[in-house]
Structures are given as structure tokens and as C-alpha cells.
Amino acid sequence: QVQLVESGGGLVQPGGSLRLSCAASGFTFSSATMGWYRQGPGSRSELVATISSTGVTNYADFVESRFTLSRDNFKNTVDLQMPSLKLEDTAVYYCCWLSRGFWGQGTQVTVSS
């Protein structure tokens, strides 16, 4: 069955970095457009970034060129590199297979001093 398993979240100070990873299985990953959503405390979910099957990326305005999304079609993984983290980046981050609206279980990112 389809599975998306996120990892890499944690607690980091402002200005710190995290690398989130999503391991996909159960579908043809190399053909899939993937993305990351996030949902902060008391907030709606918002799209962070997307990456097409060919590696074309798009980012939300709030990313402000800080994050980098990449994929490995041999390992079936999609990674979100997040340097320069801010307090407002605190959220649960979800990997998503966009065309099917399938989300993983999420990984918590907490930015706090």
C-alpha cells in the first residue's frame, strides 16, 4: 500500500537547521509530484514546497528562499533542507503525494530559544 514516512524533525534554536526526509513506497514515485505541507499550532495547513517528477521546484512565499526541496528517484525519497529556521516555522510537517492527496503522518519541527 502507499506509504509516506517522514523523519528528521526535532527541536532547534532560531537560526538553526533541520533536514526533513520522506521515504515513499507503494506507488511509482518517479512519476509523482511531491510536496511538503505544514500545520502550525492553531493554524490551517499550508503548502511549503512542491517538486515535479523532473525536479522542478516551487516554494511558498514565506520560505523566502531559505528552504531547498530535492528528490532521489532511485531511493524514493524527497528531502526538505531547512536552514535559518524561525520561530514561526514551528509546525508539523507533512510529506504529500500531491495528485492523490495522500499525506504521511507528519514530523514535528519546533523552533524555540
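Q: What makes the pattern of this protein β-β-β-β-β-β-β-β-β-β-β?
A: Reading along the sequence gives that pattern, with zero helices and eleven strands. Strands here are DSSP runs of E with at least two residues, helices are runs of H or I with at least four, and both are numbered from the N terminus. The model is a predicted one, where local features need pLDDT of at least 70, side-chain atom pairs count only at pLDDT 80 or more, and totals for chains, interfaces and linings use all residues. Residues are numbered from 1 along each chain as its sequence is written, and side-chain values use heavy atoms, leaving out hydrogens and water.

Q: How do you know that the radius of gyration agrees with a compact globule?
A: The rule for a globule is 2.2 Å times the number of residues to the power 0.38, with the radius taken over C-alpha atoms. For 113 residues that puts a compact globule near 13 Å, and the protein has 13 Å, so the two agree.

Q: Why is Ser52 called buried?
A: Buried means under 20% relative accessible area, exposed means over 50%, and partly exposed lies in between (1.4 Å probe, protein chains only). Ser52 has 18% relative accessibility, so Ser52 counts as buried. You will find Ser52 in the loop between strand 5 (45-51) and strand 6 (57-59).

Q: Which residues does Ser52 touch, not counting those up to four places away in sequence?
A: They are Ala32, Thr33 and Arg71. Contact means heavy atoms within 4.5 Å.

Q: Why is Ala24 called buried too?
A: Its relative accessible area is 9%, so Ala24 is buried. Ala24 sits in strand 3 (residues 18-25) and touches Gln3, Leu4, Phe29 and Asn76, leaving aside residues up to four places away in sequence.

Q: What makes strand 4 (residues 34-39) mostly covered?
A: Five of the six residues in strand 4 are buried.

Q: How do you know that strand 4 pairs with strand 9 (residues 91-97)?
A: Two strands pair if DSSP finds at least two bridges between them. Strand 4 and strand 9 have six bridges, in the antiparallel sense. Strand 4 is also joined to strand 5 by six bridges, and these two run antiparallel.

Q: What stands opposite Tyr37 in strand 5, and what in strand 9?
A: In strand 5 the residue is Leu47, while in strand 9 the residue is Tyr94.

Q: How many residues lie between the strands of the hairpin formed by strand 4 and strand 5?
A: There are five, and Gly42 in the turn has a positive phi of about 70 degrees.
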